[in-house]
Amino acid sequence: MSPPDSQLPPLTATTLWQILNEELDDATVNRLLWHCLGYRYDAHSQTWRSDRVSAQWRQEYPQPPDFIGSRPAIVKLTRSIPPAHKQLLKERLGFAGYEIKELNPRRTRRATAVNWLLSYMATQEEAQAK
């Protein structure tokens with residue numbers, strides 16, 4: 001059973017660095033992504049609701065996917081980042097990437113998750129500025 005959304009860490013630079021540094025577990029990273037995408041857990045029915053999820057995600061993933069463990073899900077996440085937001089890891093966090101010896105699919109997926117979360121945050125900021 002997943003904890004309620006209120007138990008998620010705040011979406012801050014500290015949290016993003018915790019994801020990159022593998023200080024947050026994969027389940028928490030997934031739940032942050034799910035929450036931002038609109039998935040909500042209904043404790044009463046013990047099911048995930050996707051009525052707030054965009055049609056492009058809901059159609060392919062009616063249930064929230066494991067972004068850290070699934071290549072197709074993380075590829076879709078990568079492709080959903082607008083071109084103007086592709087470099088936010090470098091621009092906002094100063095993240096230069098992992099060294100070659102540190103690279104593995106799990107770390108790469110975590111970096112993608114952080115870049116998507118940064119894009120989500122930027123999109124929210126842009127919407128509020130209008």
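A salt bridge, as I use the term here, is a side-chain nitrogen of Lys or Arg within 4 Å of a carboxyl oxygen of Asp or Glu. Please keep in mind throughout that what we are looking at is a predicted model.

By that criterion Arg107 forms a salt bridge with Glu102, where the closest N and O atoms are 3.9 Å apart, and Glu102 itself is partly exposed, with a relative accessible area of 30%. Arg107 also forms a salt bridge with Glu22, and there the closest N and O atoms are 2.7 Å apart. This second pair links distant parts of the chain, since Arg107 sits in helix H6 and Glu22 in the loop between helix H1 and H2, 85 residues apart. Arg107 counts as buried, at 14% relative accessibility, whereas Glu22, at 31%, counts as partly exposed.

Let me turn to Asp26, which forms a salt bridge with Arg110 at 2.8 Å between the closest N and O atoms. Asp26 lies in helix H2 and Arg110 in helix H6, so this pair ties together parts that are 84 residues apart in sequence. Arg110 is buried, with a relative accessible area of 0%. Through shared partners, salt bridges join Glu22, Asp26, Glu102, Arg106, Arg107 and Arg110 into one network.

My last topic is helix H4, residues 71-79, in which Ala73, Ile74, Lys76 and Leu77 are buried. Seen down the axis of H4, these buried residues fall within an arc of 155°, so they line one face of the helix. What covers them includes helices H2, H3 and H6, while on the other side of H4 we find Arg71, Pro72 and Arg79 exposed.

Notes:
Residues numbered from 1 in each chain as written. Predicted model: local features only at pLDDT ≥ 70, side-chain atom pairs only at ≥ 80, totals over all residues. Heavy atoms only, no water. Buried < 20%, exposed > 50% of the residue type's maximum accessible area, 1.4 Å probe, protein only. Helix = DSSP H or I, 4+ residues; strand = E, 2+ residues; numbered from the N terminus. Arc of directions from axis to C-beta. Contact = heavy atoms within 4.5 Å.
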